[in-house]
Amino acid sequence: MPNRVRTDSDKTSAPSTRTCYLLKDLYDCIRNRPFNKPFSLQHEDGSVDEALKTEQDMKNALWRRKNPFLQRPVVFKC
């Protein structure tokens, strides 16, 4: 008898939020998110970069904010 799994397409999961103090942690968050799911980065000053999809997008956003080596923590939201 086959196992049947019920999936609810209406079910929405809470967004994943994590404060990253190290680039390694930020890369882990990006690499462990669902494939092609956009994410956002919230910076210390309250500004937010949204709809980022790749590691290169993340790098560009950090360079624009003059925080390329994560001297100041960011909040990752996916």
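Helices (H or I, at least four residues) and strands (E, at least two) are DSSP runs, numbered from the N terminus. Residues are numbered from 1 along each chain as its sequence is written, and side-chain values use heavy atoms, leaving out hydrogens and water. Local features need pLDDT of at least 70 and side-chain atom pairs 80 or more, while totals for chains, interfaces and linings use all residues.

**Confidence**
- The protein chain has an average pLDDT (the predictor's confidence in each residue, from 0 to 100) of 86, and 82% of the residues score at least 70.
- Across residues 5–11 the pLDDT is below 50, and this stretch has zero contacts (heavy atoms within 4.5 Å) beyond near neighbours in sequence.
- Where pLDDT is low, predicted coordinates should not be read in detail.

**Histidine 43**
- Histidine 43 has a relative accessible area of 8%, so it counts as buried (under 20%, 1.4 Å probe, protein chains only).
- Not counting residues up to four places away in sequence, histidine 43 touches Asp49, Leu62, Arg65 and Val74.

- In helix α1 (residues 23–32), the buried residues are Asp25, Leu26, Tyr27, Cys29 and Ile30.
- Their cover includes β1 (17–20), β2, α2 (55–64) and β4 (74–77).

Terms used. Buried means under 20% relative accessible area, exposed over 50%, partly exposed in between (1.4 Å probe, protein chains only).
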